[in-house]
Amino acid sequence: MILTVTLNTALDITYRVRSLRPHASHRVSEVAERPGGKGVNVARVLAALGHEVTVTGFAGGPTGEVLRAGLADGPWTVADALVPVSGATRRTIAVVDDLTGDTTQLNEPGPQIAPAEWGAFLDRYEELVPEASAVALCGSLPPGVPVGAYANLVRTARAAGVPVLLDTSGEPLRRGVAARPDIIKPNADELAELTGSHEPLRATQDARRRGAHAVVASLGADGLLAVTPEGRWRAAPPARLHGNPTGAGDSAVAGLLSGLVENLPWPTRLIRAAALATATVRAPAAGEFDRAVYEELLDRVAVSGEFSAA
């Protein structure tokens, strides 16, 4: 079982409009509503790849009920180990401009988490980790959760001998890296904020020196850059595809995690991660990927690098 943690779950709502214009009314041509938050998206993709997955984190209020129902009714089985809270699960709104392919994202902050609710989550997490083959810690922290939460969760997984991937940003990422996660997956902006460097290779190497065992940087249309103890590689799709990029990074995390638990070599993990991320751009909503595009790209993602210590 792979365990994904989403402390700030969401109900993801995607609107499609012909052309998004400021200060104007718009007629929505299509609406998609899905359980969301980064770890939930990761879980859905992992389940589609055939892995057993459990989701934990927080859910509350009417949106939390819709989120739980969506997990139960989805095409792929995802086990629900979410902890109930008194506040309402947030919503995220993605508005896709069909004319340009651009997406505008609006993210609510999430519910206030009480100390007792945080304690209940820690108890649940400590019960689940020993049963997991890998753990993914994903996304932002809702109000009330300690800024060092991910560092604590990384240490718990490491103490149980379970590999852990961290995908967050800002101060939670800085503190989490110091707890020595097995993999971190920042995007270019998150990596620059962590290290102060805008040169991807230099920043990725610096992130490793700060504590991460391996660093896989998501560089958008330029693909992935990985610096690991076994070597360093770049993986790039053959061409940029237009569509909704929401959730592409989460699909990359799913590819990395699935490759980890299947004990695949790093280049193969990166090919899978890059293919899934690109195929997600062509899907209608986050947490999904276009399987035909994914399978085609498995033979077309280019990987370059070397097997040597980074």
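Arg 34 and Glu 288 form a salt bridge, with 2.7 Å between their closest N and O atoms; the term stands for a side-chain nitrogen of Lys or Arg within 4 Å of a carboxyl oxygen of Asp or Glu. Because Arg 34 lies in strand S3 (residues 28-36) and Glu 288 in the loop between helix H9 (266-281) and helix H10 (291-297), the pair ties together parts that are 254 residues apart in sequence. Helices (H or I, at least four residues) and strands (E, at least two) are DSSP runs, numbered from the N terminus.

The model is predicted: local features need pLDDT of at least 70, side-chain atom pairs count only at pLDDT 80 or more, and totals for chains, interfaces and linings use all residues. Residues are numbered from 1 along each chain as its sequence is written, and side-chain values use heavy atoms, with hydrogens and water left out.

The structure holds 11 salt bridges. The table gives three of them.

| Salt bridge | N to O distance |
|---|---|
| Arg 34 and Glu 288 | 2.7 Å |
| Lys 38 and Asp 250 | 2.8 Å |
| Asp 98 and Arg 16 | 2.9 Å |

Lys 38 and Asp 250 form one of these bridges. Lys 38 lies in helix H1 (residues 38-48) and Asp 250 in helix H8 (residues 248-261), so this pair ties together parts that are 212 residues apart in sequence. A network of salt bridges links Lys 38, Asp 250 and Asp 167. Asp 250 is buried, with a relative accessible area of 4%, while Lys 38, at 28%, counts as partly exposed. Here buried means under 20% relative accessible area, exposed over 50%, and partly exposed in between (1.4 Å probe, protein chains only).

Asp 98 and Arg 16 also meet in a salt bridge. Asp 98 lies in the loop between strand S6 (90-97) and strand S7 (103-107), and Arg 16 in strand S2 (residues 10-17), so the two tie together parts 82 residues apart in sequence. Arg 16 is buried at 19% relative accessible area, and Asp 98 is partly exposed at 38%.

Helix H4 (residues 149-159) has the buried residues Ala 149, Tyr 150, Ala 151, Leu 153, Val 154 and Ala 157. They pack against strand S1 (2-6), H3, S8, strand S9 (164-167) and helix H5 (170-178), where contact means heavy atoms within 4.5 Å. Gly 161 follows H4 and has a positive phi, near 75°.

Glu 131 lies in the loop between helix H3 (115-128) and strand S8 (134-138). Glu 131 counts as exposed because its relative accessibility is 55%.
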